[in-house]
Protein chains: 2
Amino acid sequence: MNAATTRATALADVAAWDREHDVVVVGHGGAGACAAIEAVRAGADTLVLEKQTRGGGSSAVSTGVVYFGGGTRVQKACGFDDSVEEMTKFVRLAAGREADDDKVRLFCDNSVEHFDWLVDLGVDFKDSYVAGKTTHPFDDSCLFYSGNELVHPFKEQATPAPRGHKVAREGEAGGYFMEPILQATEAVGATILNECGAERAIVDDAGRVVGVVARQGDSVLNIKARRGVILCAGGFIDNKEMVAKHATDLLIANWNCSDGFDDGSGILLGAGAGGELRNMHEGLALNAYYPPDGHLKGILVDRNGQRFINEDAYLGRTTDAMIFKAGGHAYLIVDDELFGQTQAFHKLAAVEETFEELEKALEMPEGELVHTIEVYNRNAERGEDPLHNKSPDYCRPLSAPPYAAIDCTSAGCIYGMLTLGGLATRASGEVLTQDGDEISGLYAAGRNTAGLCLEGRTYASGMSLGDVTFFGRLAGRSAAAAAPWE
Amino acid sequence: MNAATTRATALADVAAWDREHDVVVVGHGGAGACAAIEAVRAGADTLVLEKQTRGGGSSAVSTGVVYFGGGTRVQKACGFDDSVEEMTKFVRLAAGREADDDKVRLFCDNSVEHFDWLVDLGVDFKDSYVAGKTTHPFDDSCLFYSGNELVHPFKEQATPAPRGHKVAREGEAGGYFMEPILQATEAVGATILNECGAERAIVDDAGRVVGVVARQGDSVLNIKARRGVILCAGGFIDNKEMVAKHATDLLIANWNCSDGFDDGSGILLGAGAGGELRNMHEGLALNAYYPPDGHLKGILVDRNGQRFINEDAYLGRTTDAMIFKAGGHAYLIVDDELFGQTQAFHKLAAVEETFEELEKALEMPEGELVHTIEVYNRNAERGEDPLHNKSPDYCRPLSAPPYAAIDCTSAGCIYGMLTLGGLATRASGEVLTQDGDEISGLYAAGRNTAGLCLEGRTYASGMSLGDVTFFGRLAGRSAAAAAPWE
């Protein structure tokens, strides 16, 4: 795969149309499905193109967690007070320093409505809360703290509330999340073409996008989009040439958080039609050293045995620190009572009866790890962490031998990764040029865009499903409302 | 200033030409001057546009250090063996992980020739070497180790040689460096328009750049470029909106390494003509805590009193670590014998008789700084640094009270910064689209481009002057050799 944009075809070179629709949605994952549903409901004749044998996309291989707040049915039932105001404060931090304020505001203002909208489609969330830090509830429970809400330095800046909402299904539930949404795309009356990938935009003389060239098997189809094309074809973590070119630091990834089709093709197609590429160097990296949540009571150390981050932060933040602060070379030190199996196939770098032996086995400079643990233990005894402000809930001395060093290098476990850069868009979905102008007829949502959250180090779980479904809807409405080009 | 690209003007909208030349160079700094000289020598009628009252650009406010190697006259006279091969090995590392191999190879293969070319123009380098780590020789000496050549982990991968060449003038000598080059531009016969800035490209129907619209005072000039336009208008560190949009982490800068005109206008002009923006998130950050080179015998610590980098590395590398590893919050700890004034107006965070008192004054967690220094001193006694592999030359215990903490936060000293992203180009200067195609008639060099070095953490001093002058020359030759468009 390559990293060059995909040149648009000139309308003048289109001999005949094979299909004509009001709105053409490229990709039938979370963003595309929600875009299509809203477009159809707004009266648009809508076609959805899906490269794979059926829809779902990377949303269907996620854990099925959506970020909602401001007082959802589940939050209320579980006894949590939340407000749009506090949610907005937190999401503004979580979205990153250069986040689009319109996107943050719309996402938070409409979060309860969006929750209800998905429930109406048939997405099921239980009125149940799970305490303790986890990537997602492993059973069919719903609500949990999915980001850095309770974590320094976020908790001091926004009143915490749990906002991760997992669908009512055991295990990784992205497929279960997508099922009713995919059914709704069909039920509302969108036309779906599977095993059909969009290859390039078709652009008229004025630069308006008027359709796409698609490929289904050996057939090449010229598909007219009277009102708009919506690009929802995912990120680019599966395109290593693009990752190397734009996001060199993400090359440490050894596991793509994707369905295997996040090849950047939608981004390159949009760029070929004049769309600006934005935030392309950023991604979300996840080294899931927890759960078990006892692991948060362990300590992360670098090759010199020094701590570098509060271990109770969300994995996006701790993994970013592993990469940028520890140079990709980190260990989680736990004692026998804390030790447990992770989901990320962590290897054991060493197990020893004493910290001195552990330090030696890890070939660390003499005395460093021993010192780190001595200091950590002394403070943890009092429930304190003066170095990194880990929550008192997770401060407890390491004192039950043997002691293990869990290998948190990319050689020793899974570093999952997804990209957070893509086409520049308005909150309402219009793709923008480098001049900041809208490209007529072109919309995008989901990981095809530089979306809601722009930094892995501030991310919260559920922000991506939340982003793609919510802004997919807005893009669908915008395209449906656009004036037809002929 | 804003961050949007500058839309090109259509040739059809140009009523009349005010000037006509073969080659139009935008910007009369290091890149533009060298481009113009080569273009004129190749027979092209060449115009240089300069926004300021006279040329020089950011090159003229630099220290006047150029990176050369492979056996220059100065290297030989000073008794240093160097080879193109070892230089290439080092420059490949120094240019960053995604560096353009063609640029690296051409730069190194032709380094001696380029040195001689500049000497022929009248740029004067003394056959003298300065030992010790410095940003640049303060007197009129020439040769010094200007990057990470002698530093772990570089020294293990390429045979070190000093390759920083400073022009024969005391102090910051960028102006002295540029003087003969600017004179040469005029002497060879280029036409120079000062106080005249290019505002947008003029593009024909086929997308070829055929000229620029420029402004001189109240006059707007349509300037035809028969063979090509060469963009040499510098980086974008002076455009805070562009920095925020593309390189958020560089917002820590409180000093721009520029002449005040690195406003990104050339980059935005090129992007408006279809050029790809590349590596826009990267920059070179410089917190010059040395010289005095005794400061390298001090230790850099974060807010927890922990070391995070070998202090003998080049400032681009240590400052990158201050930002990404220490979160922008670092101190240099020295004893009374090492203490000296820096060039970067460092404040003193604390001065105390004991390390315990220093730790307390800095509000660090109890015992951490004391431990760090105890370990550092014990190893330094043996000339060792097992934590960060600082060279034995700079390992010596801190033992002469009082002890000072020099404030290395951006509130306490200068964080100088320049940008390392810009237009995508071939080594020979052609600007490339996102498709990887050349844009006919458009060339660029210098900080207007994603050039030779793409990462601040591997940079070596002199790479930018080396880059801009060398690749400026290649762009000048390419434009002069292009077929005229009419």
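**View 1. Helix 1 of chain A packs against helix 6 of chain A.** Axes here are lines fitted to C-alpha atoms, for helices over the stretch in contact, and angles run from 0 to 180 degrees between N-to-C directions. In this predicted model, local features need pLDDT of at least 70 and side-chain atom pairs count only at pLDDT 80 or more, while totals for chains, interfaces and linings use all residues. Residues are numbered from 1 along each chain as its sequence is written, and chains are lettered from A and ligands numbered from 1 in the order in which they are written. Helix 1 and helix 6 (residues 174-188) of chain A, with axes 9 Å apart, pack at an angle of about 35 degrees; helices (H or I, at least four residues) and strands (E, at least two) are DSSP runs, numbered from the N terminus. Helix 1 of chain A passes helix 6 of chain A in a left-handed crossing, the term for a near helix turned anticlockwise from the far one by less than a right angle, with clockwise giving a right-handed crossing. Among the residues that make the contact are A33(A), I37(A) and V40(A) of helix 1 and M178(A), I181(A) and T185(A) of helix 6, where two residues are in contact if their C-beta atoms, placed from the backbone, lie within 7 Å. By class, this contact has 10 nonpolar residues, two polar and one charged; Ala, Val, Leu, Ile, Met, Phe, Trp, Tyr, Cys and Pro count as nonpolar, Asp, Glu, Lys and Arg as charged, and the others, Gly among them, as polar.

**View 2. Helix 1 of chain A also packs against helix 12 of chain A.** Helix 1 (residues 30-41) and helix 12 (residues 463-481) of chain A have axes 7 Å apart, at an angle of about 35 degrees, and here the crossing is right-handed. The contact includes G32(A), A35(A) and E38(A) from helix 1 and V468(A), G472(A) and R473(A) from helix 12, and its residues comprise 11 nonpolar, five polar and three charged.

**View 3. An open sheet of three strands in chain B has the order 11-18-13.** The pairing is mixed, two strands being paired if DSSP finds at least two bridges between them. Strand 11 (255-256) and strand 13 of chain B each have a single partner strand, so one side of each is left without a neighbour in the sheet. Strand 13 pairs with strand 18 (residues 416-419) of chain B in the antiparallel sense over four bridges, and A285(B) has M417(B) as its bridge partner.

**View 4. Chain A has an open sheet of three strands in the order 11-18-13.** Strand 11 and strand 18 (residues 416-419) of chain A pair in the parallel sense over two bridges, with W255(A) opposite G416(A).

**View 5. Chain A and chain B meet at an interface.** Here 24 residues of chain A are in contact with 25 residues of chain B, and helix 11 of chain A supplies the largest share of the chain A side, three residues. That side divides into eight nonpolar, nine polar and seven charged residues. A rotation of 180 degrees with 0.0 Å of shift along its axis superposes chain A on chain B (RMSD 0.0 Å), by least squares on the C-alpha atoms of residues with pLDDT of at least 70 in both. The two copies are thus related as by a two-fold rotation axis, and in chain A the C-alpha nearest that axis, 2.3 Å away, belongs to K325(A).
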